[in-house]
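The sequence and structure are shown first.

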Amino acid sequence: MDDTIIAVPILMECDKDEDFSEGVEKVGNTLPILPLRNMVLFPGVAMPVIAGRAKSMRLIRDAVQKKTLIGVCCQRDPAIDEPGFDDLYEVGVIAEIMRVLEMPDGTTTVILQGKKRFSLKSLTEIEPFLVGKIEQIEDTRPKKQDRELEALASTIKDLTIKMLSSAMDPPRDLIFSIRNNQNILYLVNFSSCNIIADAAIKQELLAINDLKDRAYRLLFILNREYQLIELKASIQMKTHEDINKQQKEYFLQQQIKAIQKELGSDNINDLEIAELREKAKKKKWTKEVSEVFKKEIIKLERLNPQSPDYSIQVQYVQTIVNLPWGEYSKDNFNLKRAERILNRDHYGMDKVKERIIEHLAVLKLKKDLRSPIICLYGPPGVGKTSLGKSIAEALNRKYVRISLGGLHDEAEIRGHRRTYIGAMVGRIVENIRKAGTSNPVFVLDEIDKVGNDFKGDPASALLEVLDPEQNEHFHDNYLDIDFDLSKVMFVATANNLSTISQPLLDRMELIEVSGYIAEEKMQIALKHLIPKQMDAHGITTDTIKFDKPAVRLIIDSYTRESGVRELEKKIAKSLRKVARKIAAEEKAPTVITTELIREYLGAEEYTPDKYQGNQYVGVVTGLAWTAVGGEILFVETSLSKGKGSKLTITGNLGDVMKESAVIALEYVRSHAGTLEIDESMFEDWNVHVHVPEGAIPKDGPSAGITMVTSLVSAFTKRKVRKNLAMTGEITLRGKVLPVGGIKEKILAAKRAGIKYIILSDENQKNIHEIKAEYLKGLTFHYVSDIAQVIDYALPKAKPKE
């Protein structure tokens with residue numbers, strides 16, 4: 001049996017200044033050495049030890065018989081049965097055997113009390129027991145009345161009691177004795193001997209000669225060990241609470257199951273999981289998606305239904321199951337039916353309709369075709385968004401739409417990662433889920449109004465959505481599984497292409513949807529808007545009718561737009577007046593005339609653009625493009641006496657338009673001889689160029705030739721040809737460059753009564769794309785140089801003075 005310590009501290013009574021070294025003066029240079037395992041004895045401390053080794057028993061009997069003191073040393077390695085000199089710590093304690101007890105179980109218990117420390121120099125004998133050469137060590141004690149040491153002792157008392165209380169239930173007498181013991185040396189040694197620590201740490205304390213240093217080191221160890229004890233206790237308490245909570249939840253769950261069983265129903269959560277598995281069996285998903293679903297459903301089964309993660313996991317699995325993996329609506333390949341539906345719902349838009357019919361024809365032949373990605377751009381109110389519904393009906397597909405106007409967060413497109421609270425799929429995948437098929441017509445409305453900020457750039461996220469080479473494997477951050485968007489027909493709408501990034505434009509097939517002329521608006525109003533609004537206001541078509549002059553009056557005098565949105569509002573306002581009379585059982589008109597329109601809508605809001613004649617020199621009619629269609633504008637030039645070389649430009653013009661005026665004047669000045677202008681006029685006359693309607697901002701290069709013509713007319717006093725308008729950019733060399741918005745400008749010219757239009761040669765191709773009825777009554781004169789413009793626009797005959 002080993003020589004081991006019994007963990008029962010024995011507190012000895014002692015005087016305040018006792019040093020416990022009584023009798024050590026009789027000890028010579030050698031002492032019998034008793035090796036102990038896992039025990040360090042300190043001077044003054046009494047400790048019971050169970051003796052088991054034969055050598056230890058022989059040493060004890062010999063010492064008791066001869067009444068001699070012995071040396072006690074701790075082994076470095078407690079596993080060694082026959083320790084040598086190197087196996088023992090160097091510092092030990094001279095001890096007195098106070099009592100030997102023969103226990104009923106045959107073991108021997110020895111009560112030892114430490115006397116004084118010694119240093120073991122060597123072992124002189126091994127048999128019949130160990131004998132060693134020693135040298136006594138004196139303790140360095142502070143002077144009396146050391147307040148710092150007294151404070152240390154008081155703190156050590158408190159911590160010692162706390163540690164004893166945490167390790168065992170100490171007797172009250174022991175606690176009382178520790179609190180009232182006044183011997184600081186004994187108190188430090190007693191605490192050092194009884195702390196819950198390894199033998200190596202206790203041996204470190206024993207080796208410190210200075211009592212105050214030993215006390216400080218002891219206090220450090222006590223604090224550390226006590227914090228560790230508190231931490232363990234806290235962990236145990238938490239674990240105990242968690243176990244209690246889990247047991248409670250388990251018992252409650254068992255009770256719920258028992259109640260449900262009695263009621264004849266299974267666990268609700270089990271039913272939910274079973275329902276998800278049943279849905280999964282009907283899905284046409286790939287092996288990859290199937291594996292993800294199986295993994296996630298197993299994870300769901302392992303979660304406690306009361307856990308917050310349970311609802312999150314249910315939502316994710318439901319999202320996977322509810323998506324239309326590999327589910328497609330069957331396209332209707334009847335081309336005539338599709339064409340009939342498109343023509344029924346929308347007037348004009350021939351290019352768009354033609355493109356849809358072409359796609360349907362190729363799909364009919366090839367069966368497996370990636371859907372086109374179309375971008376319809378044009379002014380507001382021309383029917384770009386509503387066209388998506390007609391396309392979906394024509395193809396027999398589901399229709400979904402999202403508005404991208406003001407979108408700033410990339411996660412709206414790609415979805416949020418599941419690590420975030422409240423995460424969900426992006427709007428693309430969510431609308432595919434709502435459609436219930438993987439090949440709907442998907443309208444991306446207002447794609448030119450997508451914004452970006454610190455949350456990312458949604459326009460960049462759309463690159464993957466709208467790329468036919470990539471969207472077959474579209475990755476939603478929440479779903480975290482690739483989804484095939486290649487069969488989705490995306491139809492984007494925009495008002496202004498300049499705000500769309502170039503990479504995004506490259507991925508789309510651009511189709512311009514231009515504004516309507518008055519005749520087209522008339523047909524749209526009679527065929528679509530009036531019947532729609534009459535139905536919305538509860539008025540039957542046989543109750544009331546609009547005559548054509550009344551509709552024309554609304555178009556010309558109450559709206560100014562390329563589309564028909566404002567026109568629809570005015571029609572609705574007129575019908576509300578009629579509906580009120582019908583509801584009040586008053587006499588309502590059967591035909592809405594121009595007089596009634598003026599009564600219902602008030603004074604005319606707009607004066608139609610009219611050509612103002614050519615009675616003044618220096619006034620030329622130009623053509624402009626705006627967001628709501630084309631307009632005519634007038635460029636006026638006047639000359640006034642002055643120092644010359646001064647150019648004044650007014651009319652709320654932008655930088656580009658101001659530059660056009662400067663270029664125009666420089667061209668006229670440099671070609672004064674050719675234009676038959678006296679060069680001295682530039683020194684004696686100031687030039688003022690004005691574009692009326694100064695409250696409206698104007699910009700762009702297309703008024704270049706108009707400004708040159710106006711300047712030449714003012715300097716030469718030649719009138720401009722009657723019923724003439726023009727548009728085109730100029731260079732300093734006099735070359736006429738092409739401009740955009742030709743169709744809108746021509747419609748504006750026609751509305752204003754213009755008959756002749758000057759355009760750049762390079763704009764001739766744009767004229768060929770316009771329907772013949774739009775060009776009826778117009779004559780085009782194509783030019784490549786400003787000289788051709790002057791020759792045609794300014795006849796040689798001068799007006800009479």
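At roughly what angle do the axes of helix α23 and helix α27 cross? The axes of α23 (residues 704-716) and α27 (residues 786-793) cross at roughly 55° and come within 10 Å. The model is predicted, so local features need pLDDT of at least 70 and side-chain atom pairs count only at pLDDT 80 or more, while totals for chains, interfaces and linings use all residues. Residues are numbered from 1 along each chain as its sequence is written, and side-chain values use heavy atoms, with hydrogens and water left out.

## Helix packing

Helices (H or I, at least four residues) and strands (E, at least two) are DSSP runs numbered from the N terminus. Axes are lines fitted to C-alpha atoms, for helices over the stretch in contact, and angles run from 0 to 180 degrees between N-to-C directions. Angles under 35 degrees count as roughly parallel, over 145 as roughly antiparallel, 65 to 115 as roughly perpendicular and the rest as oblique.

By this scheme α23 and α27 are oblique to each other, and their crossing is right-handed. A crossing is right-handed if the near helix is turned clockwise from the far one by less than a right angle, and left-handed if anticlockwise. On the α23 side, the contact (heavy atoms within 4.5 Å) is made by Ile-705, Val-708, Thr-709 and Val-712, and on the α27 side by Ile-786, Val-789, Ile-790 and Ala-793. Seven of these residues are nonpolar, one is polar and none is charged. In this classification Ala, Val, Leu, Ile, Met, Phe, Trp, Tyr, Cys and Pro count as nonpolar, Asp, Glu, Lys and Arg as charged, and the others, Gly among them, as polar.

Helix α17 (residues 518-536) packs with helix α19 (residues 565-583) at an angle of about 45°, their axes being 10 Å apart. This pair is likewise oblique, with a right-handed crossing. Residues of α17 including Lys-521, Ala-525 and Leu-529 meet residues of α19 including Leu-567, Glu-568 and Ile-571. By class, the contact of α17 with α19 has eight nonpolar, one polar and three charged residues.

Strands of a sheet pair through backbone hydrogen bonds, either parallel or antiparallel. Two strands pair here if DSSP finds at least two bridges between them. Strand β6 (residues 108-125) is mostly covered, with 13 of its 18 residues buried; buried means under 20% relative accessible area, exposed over 50%, and partly exposed in between (1.4 Å probe, protein chains only). The pairings of β6 are set out below.

| Partner of β6 | Sense | Bridges |
|---|---|---|
| β3 (residues 46-51) | antiparallel | six |
| β5 (residues 91-102) | antiparallel | eleven |
| β7 (residues 131-136) | antiparallel | six |

Met-47 has Leu-112 in β6 as its bridge partner, and Ile-94 has Lys-116 in β6. Phe-118 stands opposite Gln-136 in β7.

The hairpin of β5 and β6 has five residues between the strands, and Gly-106 there takes a positive phi near 95°. β6 and β7 also form a hairpin with five residues between them. Pro-128 lies in the loop between β6 and β7, and a cis peptide bond with omega of about 0° joins Glu-127 to Pro-128.

Five strands form an open sheet with parallel pairing, in the order β9-β10-β13-β8-β14. The edges are β9 (399-403) and β14 (509-512); each has a single partner strand, so one side of each is left without a neighbour in the sheet. The twist averages 20° from one strand to the next. Within this sheet, β8 (residues 373-377) is joined to β13 (residues 489-494) by five bridges, and Cys-375 stands opposite Ala-492 in β13.

Asp-448 is located in the loop between β10 (441-445) and α15 (458-465). Asp-448 is buried, with a relative accessible area of 9%. Leaving aside residues up to four places away in sequence, Asp-448 touches Thr-493, Ala-494, Asn-495, Asn-496, Thr-499 and Ile-500.

## Positive phi in loops

Most residues other than glycine have a negative phi, and most peptide bonds are trans. Lys-67, in the loop between α1 (54-66) and β4 (70-74), has a positive phi near 55°. Its relative accessible area of 77% makes Lys-67 exposed. Lys-717, in the loop between α23 and β21 (724-726), has a positive phi of about 60°. Lys-717 is partly exposed, at a relative accessible area of 43%.
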